[in-house]
Amino acid sequence: MGYVAETGMPAYLRETDLELAEPALATSVKLTEALLETAPDDTRLLLQVVQGLAGYTYAFVEVRIEAARGRDPEQVRLHTQRAQRLYQRGLQYGLRLLSQYHPPLLQATTLPLETLTMHLRRLDREAVPALLWTSFCWGGFLNLERTALETVTALPLLQAMLTRLLEPR
C-alpha cells in the first residue's frame with residue numbers, strides 16, 4: 001500500500017483545480033494515517049503523510065491566515081492555531097520517519113546541537129525526502145510562532161537539518 005501512496009503523489013502535485021485538490025489531499029492524509037495504524041513503520045506511508053500535511057497546511061491553511069490578516073484577527077488566530085497543530089502533527093510523523101533511518105533522530109527536536117549534527121551526518125541519500133519534509137513541517141510551525149522563546153532556541157537545530165540537506169552525500 002505504501003507503494004501506491006508514494007507513486008500517487010504526483011497526481012496531487014499536478015492538480016490545478018484547488019477546489020478539487022483541497023478535499024482530495026485532506027482525504028489522502030486521513031487515509032494514510034489510517035493505513036499507518038496497521039503498518040506504523042512503513043517509510044513510504046510516513047513520508048506520504050508528512051508530505052501531505054506539509055502541503056495541505058501550506059497551500060490551504062496558511063492561505064486562509066493571509067486572507068484574514070488585517071480583516072479578521074479572530075480568523076487569523078484560529079487558522080494559525082490550526083496550521084500549528086497540522087505542522088506539529090507532520091513533524092511528529094517526520095521524526096518517526098527519520099528514526100527509521102537513524103533511531104536517535106526520533107528526538108531530533110530536543111537533542112543538543114552537536115549531538116543532532118553528529119546523528120544527521122549518518123543519514124544517506126535515501127533519507128533526503130524524510131529530512132526535507134520533516135524540516136518543512138518544523139520550519140512551518142516555527143514560522144507561525146516567531147516570538148516564542150522555544151522558536152529562538154529551536155532555530156539552530158532546524159538550521160542543522162537544513163544544512164544537512166545541502167551537504168554532499
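Contact here means heavy atoms within 4.5 Å. The model is predicted, so local features need pLDDT of at least 70 and side-chain atom pairs count only at pLDDT 80 or more, while totals for chains, interfaces and linings use all residues. Residues are numbered from 1 along each chain as its sequence is written, and side-chain values use heavy atoms, with hydrogens and water left out.

View 1. Glu62 lies in helix H3. Helices (H or I, at least four residues) and strands (E, at least two) are DSSP runs, numbered from the N terminus. Glu62 is in contact with Thr57, Tyr87 and Leu144, leaving aside neighbours within four places in sequence. Glu62 is buried but has no salt bridge. Buried means under 20% relative accessible area, exposed over 50%, and partly exposed in between (1.4 Å probe, protein chains only). A salt bridge is a side-chain nitrogen of Lys or Arg within 4 Å of a carboxyl oxygen of Asp or Glu. For Glu62, the nearest side chain of opposite charge is Arg69, 6.8 Å away. Lys and Arg count as positive, Asp and Glu as negative; His and the chain ends are not counted.

View 2. Side chains of opposite charge can pair when their charged atoms come close. The count for this model is 6 salt bridges. In one of them, the side chains of Arg64 and Glu22 meet at 2.6 Å, N to O. Arg64 belongs to helix H3 and Glu22 to helix H2 (residues 18-38), so the pair ties together parts that are 42 residues apart in sequence. Arg64 is partly exposed, at 29% relative accessibility. Arg69 forms a salt bridge with Glu66, with the closest N and O atoms 2.9 Å apart. Both partners are partly exposed: Arg69 at 45% relative accessibility, Glu66 with a relative accessible area of 47%.

View 3. A salt bridge joins the side chains of Arg164 and Glu167 (3.3 Å, N to O). Arg164 counts as buried, at 7% relative accessibility. Glu167 is partly exposed, with a relative accessible area of 34%. Elsewhere, a network of salt bridges links Lys30, Glu33 and Arg89.

**View 4. Helix H2 against helix H3.** The axes of H2 and H3 come within 9 Å and cross at roughly 145 degrees. Axes are lines fitted to C-alpha atoms, for helices over the stretch in contact, and angles run from 0 to 180 degrees between N-to-C directions. H2 passes H3 in a left-handed crossing. A crossing is left-handed if the near helix is turned anticlockwise from the far one by less than a right angle, and right-handed if clockwise. Contact residues on H2 include Leu18, Ala21, Glu22, Leu25 and Val29; those on H3 include Leu45, Val49, Leu53, Phe60 and Arg64. The contact divides into 13 nonpolar, 5 polar and 3 charged residues. Ala, Val, Leu, Ile, Met, Phe, Trp, Tyr, Cys and Pro count as nonpolar, Asp, Glu, Lys and Arg as charged, and the others, Gly among them, as polar.

**View 5. Helix H3 against helix H6.** H3 (residues 43-68) and H6 (residues 128-143) pack at about 35 degrees, with axes 9 Å apart. The crossing of H3 past H6 is left-handed. From H3, Leu47, Val50, Gln51, Ala54 and Tyr58 take part; from H6, Pro129, Ala130, Trp133, Thr134, Phe136 and Cys137. By class, this contact of H3 with H6 has 9 nonpolar, 2 polar and no charged residues.

**View 6. Tyr101 in helix H4.** Tyr101 lies in helix H4. Its relative accessible area is 26%, which is partly exposed. Tyr101 touches Thr43, Leu123, Glu126, Ala127 and Ala130, not counting residues up to four places away in sequence. The C-alpha atoms of Tyr101 and Leu166 are separated by 18 Å, the two residues being 65 apart along the chain.

**View 7. Leu106 in a loop.** Leu106 sits in the loop between helix H4 (73-101) and helix H5 (113-120). Leu106 is partly exposed, with a relative accessible area of 37%. Leaving aside neighbours within four places in sequence, Leu106 contacts Leu95, Arg96 and Ser99. Arg125 is 19 residues from Leu106 along the chain, and their C-alpha atoms are 18 Å apart.
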